[in-house]
Amino acid sequence: MLAKTFSSTLLGINGTVVTVEASLQESLPQIHITGLPGDIVKEAKERVKACLNALGFQVPNHRIVIHLSPANTKKQGSQFDLALAISALGAENLLPHAKISKMAFLGELSLEGSLLPILNATALIECLNKDSKIENIIIPEKNFFDAKLVSSKKVLVASHIRQVIDFIFGESLLKTVENNLTSEVLTNYELSLDDVLGQTLAKRAAQIAIAGRHHLLLIGSPGVGKSLLAKSSQVLLPPVSEEERLEISKNYGQFRISQENIQRPFRSPHHTISSAAFLGGGSAKVLVGELSLAHNGILFMDEFPEFRRDVIEGLREPLETGSIHVHRIGHFLTLPAKFTLIAAMNPCPCGFSLSNQRPCKCPREKVNSYRKKLSGPLFDRLDLLVKMNESNHNSKDISEAVLKEQVLVAIEKQKERYKKSLMRFNGDVSLWQNIEGFELGEEEQTWLQNKKEKYLLNHRTISKVVKLSRTIADLENANLISNKHLNEAWVFRCPEVLQKVFYF
Ligand SMILES: [Zn+2]
């Protein structure tokens with residue numbers, strides 16, 4: 001007789017439901033698994049056998065064929081153990097078929113029957129939760145926090161297979177997972193923007209970048225505080241929403257990290273990173289790259305021109321679309337990559353070509369080839385360009401508390417604006433003309449037109465200036481974009497500044 005139940009496997013960073021069917025054959029007792037099981041799944045039959053025997057079950061008593069479908073999807077991971085054990089018991093008629101056919105099981109088994117935690121639990125639970133045929137999803141208690149992120153009433157936790165069997169027979173209840181996560185403001189960073197003295201323009205740029213998810217390039221001599229500013233600016237990241245928390249958890253599913261306190265990520269890869277580690281990929285198993293690990297947070301690239309060419313060019317797609325396409329054998333996968341890029345660089349190889357304190361010793365050609373490592377098209381995708389000066393200890397400094405408060409105001413404005421769309425930040429917008437809040441008055445249109453004609457601006461630059469202005473207006477809770485906002489945005493994109501710094 002056929003016993004059927006459910007489990008799930010990982011496809012990219014998302015889970016996909018797997019049907020587990022077990023049937024008996026009159027033959028020598030053994031368990032045989034079909035449906036493209038990976039190595040860990042193949043080994044599972046030994047764990048399942050040992051565990052069921054330890055519990056006192058004579059399983060297998062016949063030849064049991066367990067099929068995992070869809071057959072053409074590779075099944076990876078130790079999460080199948082529990083479903084395999086339950087389906088084997090079902091096939092031997094030791095469990096009621098009708099009951100288990102509406103349940104899904106995830107969990108690794110120890111040889112004495114304890115349920116051990118699994119990797120990628122959030123994604124594996126999420127897909128099962130969406131399947132209407134499944135009434136209950138049973139998971140290891142140690143994956144409790146992953147389950148909380150999915151916010152499902154179907155999920156039940158157990159710490160031993162014995163509890164699971166008792167529950168199936170209706171002899172006991174299992175604990176549910178109530179969703180009570182709150183989006184508290186994070187305050188446990190050790191860094192503080194107040195430790196960065198002066199640099200008011202750069203702090204303001206970081207605030208705008210984080211508030212509206214725009215991309216920032218800091219240029220300055222060694223020691224002006226580029227890294228400190230970039231690292232400290234993570235204190236401005238707004239609280240993470242439930243939806244974003246789930247996305248972050250899925251990206252980090254391959255690591256054993258505590259899901260208890262998921263924060264917006266701050267990733268700072270070294271400039272020697274390979275393009276595979278940066279973009280993500282892999283053949284047997286998809287490894288999420290730095291671009292996706294930075295999703296919903298900050299990607300900081302120090303010594304920007306020192307990164308490999310293919311790494312820098314790999315930024316173009318995510319900066320434009322918020323995702324990255326990774327090629328795997330046979331198909332393409334799309335991984336999420338929406339982050340605020342903060343890049344930092346010296347203006348020349350020796351670092352002092354913009355300094356007013358030390359002379360630059362680089363030959364002109366060397367400076368040019370250094371700057372040319374950043375291609376024009378990539379440059380076009382950066383929103384804010386800031387030259388940081390030495391000893392810029394301005395008395396009119398701007399405090400971290402004020403910057404933070406304004407970011408929260410801007411986040412609320414954007415939440416309201418994009419509540420009916422997939423976008424979350426002004427930086428996500430591609431066609432601003434159709435969006436409420438982006439309407440420009442006559443004066444503002446004339447301002448744009450004048451700049452466009454004077455500097456021969458392309459469509460992309462215009463669009464950047466308008467989007468930056470929208471974020472600047474949001475920071476002061478203004479409903480309309482005014483000339484004041486446009487003028488401030490212009491400071492960060494002005495071709496005259498660009499020319500001075502980059503000779504473009
Ligand atoms: Zn130099």
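Start by selecting Leu82, Ala85, Ile86 and Leu89 in helix 2, which meet Ile161, Val164, Ile165 and Ile168 in helix 6. Contact here means heavy atoms within 4.5 Å. By class, this contact has 8 nonpolar, no polar and no charged residues. Ala, Val, Leu, Ile, Met, Phe, Trp, Tyr, Cys and Pro count as nonpolar; Asp, Glu, Lys and Arg count as charged; the others, Gly among them, count as polar.

A word on what is on screen. This is a predicted model, where local features need pLDDT of at least 70, side-chain atom pairs count only at pLDDT 80 or more, and totals for chains, interfaces and linings use all residues. Residues are numbered from 1 along each chain as its sequence is written, and side-chain values use heavy atoms, with hydrogens and water left out. Helices (H or I, at least four residues) and strands (E, at least two) are DSSP runs, numbered from the N terminus.

Stay with the first pair. Helix 2 and helix 6 (residues 161–168) pack at about 45°, and their axes are 12 Å apart. Helix 2 is therefore oblique to helix 6. Axes are lines fitted to C-alpha atoms, for helices over the stretch in contact, and angles run from 0 to 180 degrees between N-to-C directions. Angles under 35 degrees count as roughly parallel, over 145 as roughly antiparallel, 65 to 115 as roughly perpendicular and the rest as oblique. The crossing of helix 2 and helix 6 is right-handed. A crossing is right-handed if the near helix is turned clockwise from the far one by less than a right angle, and left-handed if anticlockwise.

**Next: two cis bonds**

Select Val59 and Pro60. The peptide bond from Val59 to Pro60 is cis, with omega near 0°. Pro60 sits in the loop between helix 1 (39–54) and strand 4 (63–69). Now move to Ser69 and Pro70, which are joined by a cis peptide bond with omega about 5°. Pro70 is in the loop between strand 4 and helix 2 (80–91).

**Next: Gln199 and helix 7**

Gln199 is not a glycine, yet has a positive phi of about 50°. Find Gln199 in the loop between strand 10 (175–176) and helix 7. Most residues other than glycine have a negative phi.

Now show helix 7 (residues 200–212) with helix 16 (residues 400–417): they pack at about 30°, with axes 9 Å apart. Helix 7 and helix 16 are therefore roughly parallel. Their crossing is right-handed. On helix 7, pick residues including Lys203 and Arg204; on helix 16, their contact partners include Val402 and Leu403. The contact of helix 7 with helix 16 has 6 nonpolar, 4 polar and 2 charged residues.

**Next: the zinc ion**

Which protein donors hold the zinc ion? Select Cys348, Cys350, Cys360 and Cys362: their SG atoms lie 2.2 to 2.5 Å from the zinc ion. Donors are N, O and S atoms within 2.8 Å of the metal (3.2 Å for Na, K and Ca); water is not among the atoms, so sites may look incomplete. Angles among the 4 donor atoms run from 103 to 115°, and the site is tetrahedral. Four donors count as tetrahedral if all angles lie between 85 and 135 degrees. Along the chain, the donors follow the spacing C-x1-C-x9-C-x1-C.

**Last stop: helices 18 and 19**

Helix 18 (residues 459–475) and helix 19 (residues 483–493) pack at about 125°, with axes 8 Å apart. Helix 18 is therefore oblique to helix 19. Helix 18 passes helix 19 in a right-handed crossing. Among the contact residues are Leu468 and Ile472 of helix 18 and Trp490 of helix 19. The residues of this contact divide into 7 nonpolar, 3 polar and 3 charged.

How values were computed: Four donors count as tetrahedral if all angles lie between 85 and 135 degrees; four count as square planar and six as octahedral if opposite donors are over 155 degrees apart and all others between 65 and 115; anything else is irregular.
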